[in-house]
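Subject: Structure handover

Hello,

Here is the structure for your files. My notes on what was found in it follow below.

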Amino acid sequence: MLSPSRRDFVSLTLSESGSYTNSKQWRRQSCWRKWKQLSRLQRSLILLTLMLLLVCGIATSPTLIEHWRADAVGGNRNDEKPQFVVDLKNEYRYILPEPPSERKDYRRRGPPVLQNRLQFKMNVSGLLEENHGLDLKNADKGSEGGKPIISWRGAVIEDEQASDTDTKDTENQDGTASLARAESRLEAVREAFRHAWKGYKDFAWGHDELKPVSKSYGEWFGLGLTLIDALDTMWILGLKEEFAEAREWVAKELSFDKNVDVNLFESTIRILGGLLSTYHLTGDLMFLDKAKDIGSRLMPAFNTASKIPYSDVNIGKGTAHPPRWTSDSTVAEVTSIQLEFRELSRLTGDTKYKLAVMEVMQQVHKLDGKQDGLVPMFINTNNGLFTHQGVYTLGARADSYYEYLLKQWIQGGKTENELLDDYLLAVEGVKKNLLNKSIPHGLTFVGELSHGHFSPKMDHLVCFLPGTLALGAHYGLPADHMELAKQLMETCYQMYAQMETGLSPEIVHFNMHEGSTKDVDVKIADRHNLLRPETVESLFYLYRFTQDKKYQQWGWEILQNFNKYTRVPTGGYTSINNVCDPAYPSPRDKMESFFLGETLKYFYLLFSEDPDLISLDKYVFNTEAHPLPIWPQAE
């Protein structure tokens, strides 16, 4: 009797146990036992996986991200998407809203945005308010009622988006309004300069370049490049206080007695040119003395067998050498130092400077290897011959050769016909070999020629050409030079206007294939903007000679976009990596000295209605925008 009962009991127990196999309590106990059976490593991996899944789920949730963005700009939780938001996904950006004027058909282009950027964006709204106290709730109301637009960098941008027709009508009706607008634009340039100068003074004083995002500086030669480059700009803009403190630094701190290698071309156009220009504008002999010092220290570069100068000079040791990787110099560099050294000879009475640079021009004039006046990009310092022949461009390494042909002729009182002949021949060579039109809108552009093969590649540097052509036409050269200048000016403007940020990339490729829907393509590696001056420079020349207000308006648009996408709240402007992405232009953390030396100067001259402010009948600009006097013909 006992055995059957035990079996029944055992059977009953199993049956009862089985009846609870689906209970939550049993499942919890079973899972816990299995969890405890896992090794510590296995449990850690599982927990890590679950945490990563949770984070990814949160990061990719549009609703939650929208709430975060709303919180960052002041708790905006309306159903509509806020117009002014903080992008939490992108690094090294203080505040990056979608611009108020963003086109509806905008398509994001460029490299994919990295996702793992949240760690860089903590407390961004607090940072914005701390830096410049923006009213975020009203930040995007500038397009109504004539109120200013506040950009993502904290710049105040006046609402001037009227059409050209409206602008002309208003100006015809009211000359006073036109003068007021001109003055407001001039003041906007002065304000931009003060902001850039503030960053330089606070974080890079006495050094070569400002790194505005990291609030630090970069050195190239260790000679205060930005400060010297900006001297004549401050004088022209009437910034007396800033000029006075810069002059004091030059007088007391600037010394060229340093064991440092400098680039002959860059130090000539920026330092020697800047000092000579400032001397002429101010009459201050201290600047001339400094110019004599640096000029004499650069002369060892010409101690070569060919008389073609080396690219690098040690201004402390008095030695010179080519780059470590080649014995070549670039043609643009050795033929774009003449204005400065010629002027130094005129001022000092010492002909050695002029003779050295004119020997270079005479040799280049006689060399074989040109094509219809176009020159290759490299020249050998040992034998004085062109190298890498067959490649012709008006971009990097050749550009300012053509510019200085014309400007030396003008500087010398239009007496050196050999220079003029070379310039005229080169312009015809450009027309014959490098000019083409884009599809679909027929923009005239300057491409490149490589061993007979045409490339529709155009550097932003080429945008010096409209201004140079217009300058030549002003001095009596063929009228079709001015017509070509106007066509190329339109193209250079479109290199800005067709970009999503309204800023030009470093290089564009024009479409020439039937069926193309856009004129311009930009490769990923070419999408950066370095705050370059060439387009603004040419706008200045075109406006000065034609008085067509559209050139001022184009320049104003460009200045606004510099303020929107490159201005750093704590001071300075930064070059950017991607002009095709207004949501994340990606700051490069560098303000080149030419932004103060050239870009802002040409903006100011463009907006000025005074033709005698650096009269183009009295001055010629070097390739770094430093005005030097035109010589009386008797000289």
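**Backbone points**

Histidine 451 lies in the loop between β14 (448-450) and β15 (453-455). Its phi is positive, about 50 degrees, although histidine 451 is not a glycine. With a relative accessible area of 61%, histidine 451 is exposed. Please keep in mind that this is a predicted model.

Alanine 625 also has a positive phi, near 70 degrees, and is a residue other than glycine. Alanine 625 sits in the loop between β19 and β20. Its relative accessibility is 0%, so alanine 625 counts as buried.

Proline 440 belongs to the loop between β12 (435-437) and β13.

**Overall make-up**

The protein has 21 helices and 20 strands. Of its 635 residues, 55% are buried. Taking contacts between residues at least 6 apart in sequence, 67% join residues at least 24 apart.

**The annotated threonine**

UniProt, in an unreviewed entry, lists Thr623 under "binding site". Threonine 623 is placed in the loop between β19 (619-621) and β20 (627-629), the loop that also holds alanine 625. Threonine 623 has 17% relative accessibility and therefore counts as buried, the cut-off being under 20%. Leaving aside residues up to four places away in sequence, threonine 623 touches Phe265, Ile269, Ser400, Glu403, Tyr404 and Glu598.

**Two helix pairs**

Two packed helices are described by the angle between their axes and the distance between the axes.

Helix α10 (residues 264-282) packs with helix α13 (residues 338-348) at an angle of about 40 degrees, and their axes are 10 Å apart. The two are therefore oblique to each other, and α10 passes α13 in a left-handed crossing. By class, the contact of α10 with α13 has 7 nonpolar, 3 polar and 3 charged residues.

The second pair is α18 and helix α20 (residues 549-565), whose axes come within 11 Å and cross at roughly 20 degrees. That makes α18 roughly parallel to α20, because angles under 35 degrees count as roughly parallel. The crossing of α18 and α20 is left-handed. From α18 the contact takes in Lys486, Met489, Glu490, Tyr493 and Tyr496, and from α20 Tyr551, Trp554, Glu557 and Ile558. By class, the contact of α18 with α20 has 6 nonpolar, no polar and 3 charged residues.

**A mostly covered helix**

Which residues of α17 are buried? Helix α17 (residues 465-474) is mostly covered, with 9 of its 10 residues buried. They are Leu465, Pro466, Gly467, Thr468, Leu469, Ala470, Leu471, Gly472 and Ala473. The buried residues of α17 pack against the helices α15 (399-411), α16 (417-433), α18 (479-497) and α19 (534-546), and against strand β13 (444-446).

Phenylalanine 243 is found in helix α9 (residues 240-252) and is buried, with a relative accessible area of 8%. Not counting residues up to four places away in sequence, phenylalanine 243 touches Leu231, Met234, Trp235, Thr278, Thr282 and Phe287. Phenylalanine 243 and alanine 230 are 13 residues apart in sequence, and their C-alpha atoms are 8.8 Å apart.

Glutamine 363 is part of helix α14 (residues 352-366). With a relative accessible area of 17%, glutamine 363 is buried. Beyond residues up to four places away in sequence, glutamine 363 touches Ser306, Lys307, Ile308 and Gly384. The C-alpha atoms of glutamine 363 and leucine 385 are separated by 8.9 Å, the two residues being 22 apart along the chain.

Regards

Note on methods. Residues are numbered from 1 along each chain as its sequence is written. This is a predicted model: local features need pLDDT of at least 70, side-chain atom pairs count only at pLDDT 80 or more; totals for chains, interfaces and linings use all residues. Side-chain values use heavy atoms; hydrogens and water are left out. Helices (H or I, at least four residues) and strands (E, at least two) are DSSP runs, numbered from the N terminus. Buried means under 20% relative accessible area, exposed over 50%, partly exposed in between (1.4 Å probe, protein chains only). Contact means heavy atoms within 4.5 Å. Axes are lines fitted to C-alpha atoms, for helices over the stretch in contact, and angles run from 0 to 180 degrees between N-to-C directions. Angles under 35 degrees count as roughly parallel, over 145 as roughly antiparallel, 65 to 115 as roughly perpendicular and the rest as oblique. A crossing is left-handed if the near helix is turned anticlockwise from the far one by less than a right angle, and right-handed if clockwise. Ala, Val, Leu, Ile, Met, Phe, Trp, Tyr, Cys and Pro count as nonpolar, Asp, Glu, Lys and Arg as charged, and the others, Gly among them, as polar. UniProt positions are given in the numbering used here, feature names are shortened, and annotations may be inferred rather than shown by experiment.
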